[in-house]
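User: I would like to learn how to read the features of a protein model. Please take me through one, giving the general idea before each case.

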Amino acid sequence: MSAPRHVYDIYIKATPEAVWQALTDPAFTVKYFYGNTVESTFVKGDGYRYLLPDGQPAIEGVIDDIDPGRRLVMTFRFLYDPAMAEEPPSRIEWVIKPAGDVTRLTLVHGDLFKSPLTWETTKLGWVHVLGAMKTYLETGEEMGEVREFVGADAAASAADPEGEWHRAQGIAANNATWDWLGKADGERSAEDDEQMTMAAYAAAYHWGRASRRGPENDTRAAWMLSRVWVVRGNGDLALHYARRAADICAASGLTDFDLAYAHEATARALACLGRGDEARAERDVAGAVPVADDEDRSIFESDLRSEPWFGI
């Protein structure tokens, strides 16, 4: 599993109207959004694009919801990178609120559960965009070059180039596994199932050697292996990896989202083995795990309702 979202808050010494104009006026976005201009009617249901300086589209999506001056919700998909363009659309929400003499701008980039490359790219990318917007609105000047930001990934790679390579391979293998998991059982061939399984094991192998990894990467790799074996109908292996995910959570103190999914995986594996009473009890435990963030909770509850549950 990838962490499903990024959340940012920033206070800007500008009016809410000015912040809204910065989000929706191409004459403003070109000043802070990597030189990109936004193109949209900003009507619910219509599309939008960010265009590179040469006119080529960099990002596209659809306006999901809009409350002018207050809230803007859009799907989000990178176009300039072929690998990220293949990932499913994610979702961004801008919320503008007056806060005394300043304006609070909140950005939530969610639905990244199946888009690890987009997750990785936007993690620091949005920091740059928000900082540049604040600078422009407060000073009337563009932010200019940020050498520390530009060199952050390069510095990490120089410190541990092999670990960074494993990290990149883990992201790619994780993404490939989701491509197959996203298909219904009847849509995958036997060879597809083999490729899906190998991709899941490859993701776990590379994440185990990746730089900047944490226990959450290990438990999510185990969770994915459990899900792969569940959809292949092998309850014993599914339960083995589900319990591994739970053990990692216990050993490292992981709670919230990761612990809920460890219990979900255990319940699903038990259901696959025909141990219905145990599966139902474990599913109840999964549903009772506190997940603090509302969107994370919504994602988890939706997955908890999804098949396969093998008739329980």
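Analyst: We start with strand pairing. Two strands pair if DSSP finds at least two bridges between them. Here, strand β4 (residues 57-67) and β5 run antiparallel and are joined by 6 bridges. Across this pairing, I63 stands opposite M74 in β5. Helices (H or I, at least four residues) and strands (E, at least two) are DSSP runs, numbered from the N terminus.

User: Before we go on, what kind of model is this, and how are residues numbered?

Analyst: This is a predicted model, in which local features need pLDDT of at least 70 and side-chain atom pairs count only at pLDDT 80 or more, while totals for chains, interfaces and linings use all residues. Residues are numbered from 1 along each chain as its sequence is written, and side-chain values use heavy atoms, with hydrogens and water left out.

User: What lies between β4 and β5?

Analyst: The two strands form a hairpin with 3 residues between them. In that turn, G69 has a positive phi of about 85°.

User: Which other strand is joined to β5?

Analyst: Strand β6 (residues 90-99) is joined to β5 by 6 bridges, and the two run antiparallel. In this pairing R71 stands opposite V95 in β6.

User: How many residues of β5 are buried?

Analyst: Buried means under 20% relative accessible area, exposed means over 50%, and partly exposed lies in between (1.4 Å probe, protein chains only). In strand β5 (residues 71-78), 6 of the 8 residues are buried, so the strand is largely enclosed by the rest of the structure.

User: Which strands pair with β3?

Analyst: Strand β2 (residues 37-40) pairs with strand β3 (residues 47-51) in the antiparallel sense over 4 bridges. β3 is also joined to β4 by 5 bridges, again antiparallel. Y48 takes part in both pairings: Y48 is the bridge partner of S40, and Y48 stands opposite G61 in β4.

User: Which residues take a positive phi in the hairpins of β3?

Analyst: In the hairpin of β2 and β3, with 6 residues between the strands, F42 takes a positive phi near 55°. The hairpin of β3 and β4 has 5 residues between the strands, and there G55 takes a positive phi near 90°.

User: Where do the side chains of β1 point?

Analyst: Side chains along strand β1 (residues 6-12) alternate. β1 pairs with strand β7 (residues 102-110) in the antiparallel sense over 7 bridges, and Y11 stands opposite R104 in β7.

User: How many helices and strands does the protein chain have, and what is its radius of gyration?

Analyst: The protein chain has 12 helices and 7 strands. Its radius of gyration (taken over C-alpha atoms) is 21 Å, close to the 20 Å that the globule rule gives for 312 residues, so the chain is as compact as a globular protein of that length. The globule rule is 2.2 Å times the number of residues to the power 0.38. Of the 312 residues, 47% count as buried.
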